[in-house]
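The following note sets out numbered points for a colleague examining this model. Please read each point alongside the coordinates.

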Amino acid sequence: MATCEHCGTAFSSTDPEEKYCCKGCEFVAGMIEESGFDRFYDLKGGLATAPVRSRPFENHDFSWLEPRVAEAESRSADGSASLDCALEGISCVGCVWLVEKLFDKHPGAIRAAAHPATGRLHLEWQAGRCDLGAFCEELTQFGYVAAPAAAGTTDVERRRLVARLGLCGAFALNAMGFTLPHYLGMPDDFEFAGLFRIIAFISATLSMLVGGSYFIDRAWRALKARSLHIDLPIALGLVLAYAGSIAGWALEIEGLRYFDFVATFVFLMLGGRYLQTSAVEKNRRRLQRASPLPGSVTVDGEPAPLESLAPGLKFSIEPGQAVPVASTVREAEAEVSLEWINGEAEPVLTGPGRQLPAGAILLSRRPLELEAHEAWADSLLSRLTADSAGERGSPVLQRVLRIYLVAVLFIGVGGLIGWLIAGEPAIGLQAMISVFVVSCPCALGVAIPLADELAASRAGRHGAFVRSATLWSRLRAVKHVIFDKTGTLTLERPVLIDRHAVEALDDEAALALARLTAGSLHPVGRTLLEALGSRGQKLLATHGRTEIHDHPGQGVSFTSRPATAAGDPPEARWTLGRAGWAGDEADGSTTLCLDGARVASFRFRDELRPGARETLDQLRRRKLQLHILSGDTPEKVAALASQLDIPGNQARGGLDPDQKAAEVRKIDHGDTLYLGDGANDSLAFDAASVTGTPVVDRSLLESKSDFYTLGSGLDFLPILFRAADSRAAGTRAAFIFALIYNLAVVTICLTGRMNPLLAAVLMPLSSIISVLIVARAGSFSKD
């Protein structure tokens with residue numbers, strides 16, 4: 001296993017001299033070195049970040065930027081303007097420094113502030129004097145992509161959680177500060193004793209209103225959905241502790257005043273919840289790429305929403321976009337990809353009068369005119385892209401919570417009844433309330449989020465990024481791993497067999513190849529552009545692009561008129577396409593030709609993801625059953641299954657989306673992991689227990705997956721399972737400690753000896769011990 005010298009991600013190397021996990025990382029590393037920004041790696045400090053992949057080589061749409069800049073500058077009162085946008089690729093302090101340095105170079109720049117935690121970039125500049133478009137283009141050369149900042153629900157909720165945490169921290173300090181004198185012996189007749197109690201009461205009340213309401217609301221919504229959630233025992237403990245404290249204050253029962261406990265408990269639980277959600281939300285914001293599914297189509301030159309599509313409506317889509325509904329091509333030939341539908345990566349030629357299924361992706365460089373056959377609501381793509389039911393819960397946690405709640409209620413009420421029989425109702429009430437208070441899952445509420453964070457960090461070092469907080473417990477139950485074929489077990493694009501064919505090109509031919517492939521959506525074109533690497537990007541920056549002509553089903557071309565002393569020579573015509581199309585000999589290769597004479601030829605092959613065989617062998621050693629479900633032809637699927645030693649009866653090809661989902665439902669008993677990358681995997685995602693996707697050129701599923709990966713290999717899979725094992729070991733040890741702790745403190749409670757001071761000491765102490773237990777389990781885990 002090698003480690004990428006740029007991003008630090010572990011990857012399966014096919015060459016001992018290979019330094020980078022992808023061409024994107026290699027290109028960006030060269031840009032950093034040439035620009036003199038080597039301090040980036042010092043600031044990065046060995047932190048593993050997401051691979052760059054193909055970001056520097058892609059065409060990025062910044063049409064959204066100009067109107068936002070104009071709006072920002074129109075509001076300028078002092079000659080300066082500001083703008084907030086999303087930024088894909090930012091992940092560490094080195095990224096922050098690099099982005100700021102790049103912005104400082106541009107005339108008119110004032111300040112750039114990048115925030116890895118939120119994936120946001122704040123820019124300030126002198127109005128009318130700074131070219132933000134050029135800055136955004138430059139950012140892509142370093143692996144960062146700016147996008148419009150949309151304040152989604154998750155952003156609002158995260159900010160609210162941070163605000164709650166800050167306020168409740170202040171309330172907890174107040175409550176403890178004004179309760180501590182009483183614990184230190186302040187007499188009840190001290191003139192400010194009553195005021196101190198009032199302040200502690202107000203602090204606890206504000207904590208309940210600001211922070212306690214967060215858990216109470218979530219617990220209530222879970223109960224209405226007939227589900228048990230970890231927030232339920234937290235909410236129950238808070239409500240009973242607060243109510244008991246008011247009763248103790250009113251009845252002057254000292255042992256029931258838990259105001260400081262309430263405020264501190266709310267703060268600790270909010271802190272644990274923030275830790276648990278921050279890493280997940282960061283991974284959800286990490287990707288800012290646009291989906292091939294258009295938000296609208298063009299009708300009579302104007303944008304129209306997808307919901308307006310109806311049979312007979314004439315519309316057009318742009319290059320790189322998916323056909324939203326089954327349609328007929330109205331005019332012009334074009335190449336499309338059906339990979340989303342049937343898993344076949346090979347482009348397909350279509351033309352006037354031919355039908356296209358929903359989900360076909362336009363690869364040609366010109367818009368495509370279509371006529372709809374159906375409404376958007378009836379489209380297969382509408383079903384495939386619909387949101388699934390939501391976050392999946394853990395059945396194990398549901399059972400544990402049910403047992404826990406019944407036990408706590410039984411013990412607490414039993415203690416009250418016992419003391420009532422003994423004729424001590426006050427002690428009985430104190431015993432019951434103290435049982436409910438000290439048995440709150442405070443230690444686990446802090447330890448489990450830490451375990452989640454350690455596991456997610458471990459997965460992230462290997463290029464897998466967790467999007468669901470409940471992934472780990474479900475992953476432990478997996479017995480079947482189901483793979484899609486194209487783009488999942490195999491690489492999403494064909495691999496160039498002889499890289500020397502590109503490296504041997506002279507500068508004129510390399511420039512021609514760069515121009516012919518720049519902005520291409522064809523998988524062969526994208527592979528060749530990446531193979532050119534920094535050389536191609538530099539040639540394009542120096543000499544510029546030119547108009548490219550599409551020849552669907554054949555290739556692409558452009559003409560140039562080189563300047564010579566002889567005057568005006570004939571036009572030179574460069575072509576890239578199928579051998580034999582431009583006048584050279586047909587031999588099954590892809591050729592670069594000048595005026596019909598072959599300059600270079602390139603051959604490609606489909607290839608397994610690096611380390612696929614080794615990864616599948618590791619999964620077999622875990623006694624996992626492996627399956628392939630694909631829309632690709634049964635013959636290709638059978639050949640791949642044989643190559644990977646997967647039984648023939650566990651590999652099926654030629655499946656449509658509904659058939660894939662049906663096969664998953666047959667296999668699944670709460671124990672399936674499905675890995676897929678296309679729209680045709682979406683319904684199977686909804687049927688599986690755990691889902692993951694490799695983020696490829698035309699990804700769709702990362703928004704509904706439990707995790708996604710940015711690396712080129714599959715070696716992250718065993719790491720995920722081992723991380724789940726380590727997390728389970730840590731949480732199991734913390735749970736055993738919590739069980740012993742609860743037995744001890746409940747015994748103290750039932751004897752009537754528990755008091756607020758002892759509870760205030762035991763609660764943070766148990767949390768600290770639980771955190772240390774989980775941290776120790778995480779430190780012993782090996783990748």
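Where is Asp645 found? Asp645 is found in the loop between α21 (634-643) and β26 (651-652); helices (H or I, at least four residues) and strands (E, at least two) are DSSP runs, numbered from the N terminus.

1. Basis of the note. This is a predicted model, in which local features need pLDDT of at least 70 and side-chain atom pairs count only at pLDDT 80 or more, while totals for chains, interfaces and linings use all residues. Residues are numbered from 1 along each chain as its sequence is written, and side-chain values use heavy atoms, with hydrogens and water left out.

2. Most residues other than glycine have a negative phi. Asp645, although not a glycine, has a positive phi of about 60°, and it is exposed at 59% relative accessible area (buried means under 20%, exposed over 50%, partly exposed in between; 1.4 Å probe, protein chains only). Asp300 is likewise not a glycine and has a positive phi of about 55°. Asp300 sits in the loop between β7 (296-299) and β8 (302-305) and is exposed, with a relative accessible area of 76%.

3. Helix α7. This helix covers residues 193-224 and bends by about 50° at Gly212, the bend being the angle between axes fitted to the seven residues ending there and the seven starting there. Following α7 is Arg226, with a positive phi near 60°.

4. Packing of α7 on α8. The two axes come within 8 Å and cross at roughly 150°; axes are lines fitted to C-alpha atoms, for helices over the stretch in contact, and angles run from 0 to 180 degrees between N-to-C directions. The helices α7 and α8 are therefore roughly antiparallel (over 145 degrees; under 35 counts as roughly parallel, 65 to 115 as roughly perpendicular and the rest as oblique). Residues making the contact (heavy atoms within 4.5 Å) include Phe201, Gly212 and Phe215 of α7 and Leu238, Tyr242 and Trp249 of α8.

5. Packing of α20 on α24. Helix α20 (residues 612-621) and helix α24 (residues 716-750) pack at about 30° with axes 8 Å apart, and are therefore roughly parallel. The contact is made by Thr615, Gln618 and Leu619 of α20 with Leu717, Pro718, Phe721 and Arg722 of α24.

6. Aromatic pairs. A search of the whole structure finds 18 aromatic pairs. Rings of Phe, Tyr and Trp (its six-membered ring) pair if their centres lie within 6.5 Å; planes under 30 degrees apart count as stacked, over 60 as edge-to-face and the rest as tilted. Trp249 and Phe259 form an edge-to-face pair, 6.0 Å centre to centre with 85° between the planes. Trp249 lies in α8 (residues 231-251) and Phe259 in α9 (residues 259-285), so this pair ties together parts that are 10 residues apart in sequence. Trp249 is partly exposed at 28% relative accessible area, whereas Phe259 is buried at 6%.

7. Tyr258 and Phe261 form an edge-to-face pair, with 6.0 Å centre to centre and 75° between the planes. Tyr258 is buried at 0% relative accessibility, and Phe261 is buried at 3%. One aromatic cluster is formed by Phe178, Phe190, Phe192 and Phe196.
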